[in-house]
Amino acid sequence: MDVPLPKARVSEVLGLLEILDDEHGRVDLYKLGRTVGHDIDELISTIETAQLFGLVDVDNGDVVFTDVGKQFTDEDMEERKHYISESLSKLPYMTQLLTALLQSDEHAVDMDFLKNVIDGDFSERETEYYIRNLLDWARFAELVWVDSDEQTIHLEVEEDNTEEQSDQQESD
């Protein structure tokens, strides 16, 4: 089943992009496998996740930057986060999560919400794997934060500057 979900973690994809950048945007798949030391399944998952975000393509056994991928590596971290945020927000499971978070009074849902959304399509092990990766990317993109103790997912909201200013004035 072709799943529109990240199959690898942020660090794995960023590592792949660094290697590609060092290799001038093109590296042989076999050489890449030796360089990163992953088994073939992990390597394919990393490449597929980079492809999901439009950062790389595979061409005649080589992994190559797309124009977007090259630009992504040249951007600062805030621009990278913004790009991933925009891309993630278009994925069906992420759209469902963000909608639920926006509709919740507390802008939070139980972790079980995401599990129930994804669970029907995959085994329990796959569901946990995809949840971990999706939340890893969503935290990277500063879309959500996770309370591990409470097992809740929260919408990441920008702090209100007026509240900060009010707190600052009270302390002065």
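Predicted model: local features only at pLDDT ≥ 70, side-chain atom pairs only at ≥ 80, totals over all residues.

Because glutamate 142 lies in the loop between α8 (124-140) and β5 (144-147) while lysine 81 belongs to helix α5, the pair ties together parts that are 61 residues apart in sequence. Glutamate 142 counts as partly exposed at 40% relative accessibility, whereas lysine 81, at 17%, counts as buried.

## Other salt bridges

The whole structure holds 9 salt bridges. One of them joins the side chains of lysine 7 and glutamate 48, at 3.0 Å from N to O. This pair links distant parts of the chain: lysine 7 is in the segment before α1 (10-22) and glutamate 48 in helix α3 (residues 40-52), 41 residues apart. Lysine 7 is buried, with a relative accessible area of 15%; glutamate 48 is partly exposed at 32% relative accessibility.

Aspartate 62 forms a salt bridge with arginine 26, and the closest N and O atoms are 3.0 Å apart. Here aspartate 62 sits in strand β3 and arginine 26 in strand β1, 36 residues apart, so the pair also links distant parts of the chain. Aspartate 62 is buried at 16% relative accessibility, while arginine 26 is partly exposed, with a relative accessible area of 39%.

An open sheet is formed by 3 strands in the order β1-β3-β2, with antiparallel pairing. Strands β1 (26-28) and β2 (56-59) each have a single partner strand and stand at the edges, so one side of each has no neighbour in the sheet. On average, neighbouring strands of this sheet are turned by 25° against each other, direction ignored.

Strands β2 and β3 (residues 62-65) run antiparallel and are joined by 4 bridges. Aspartate 57 has valine 64 in β3 as its bridge partner. Helix α2 (residues 29-36) lies across β1 and β3 and runs at about 85° to β1.

## Serine 85 in helix α5

Helix α5 (residues 77-88) contains serine 85. Serine 85 is buried, because its relative accessible area is 13% and the cut-off for buried is under 20%. Leaving aside residues up to four places away in sequence, serine 85 touches Ala141 and Leu143.

Technical notes:
Residues numbered from 1 in each chain as written. Heavy atoms only, no water. Helix = DSSP H or I, 4+ residues; strand = E, 2+ residues; numbered from the N terminus. Buried < 20%, exposed > 50% of the residue type's maximum accessible area, 1.4 Å probe, protein only. Contact = heavy atoms within 4.5 Å. Pairing = 2+ DSSP bridges. Axes fitted to C-alpha atoms, helices over the stretch in contact; angles between N-to-C directions. Salt bridge = Lys/Arg side-chain N within 4 Å of Asp/Glu carboxyl O.
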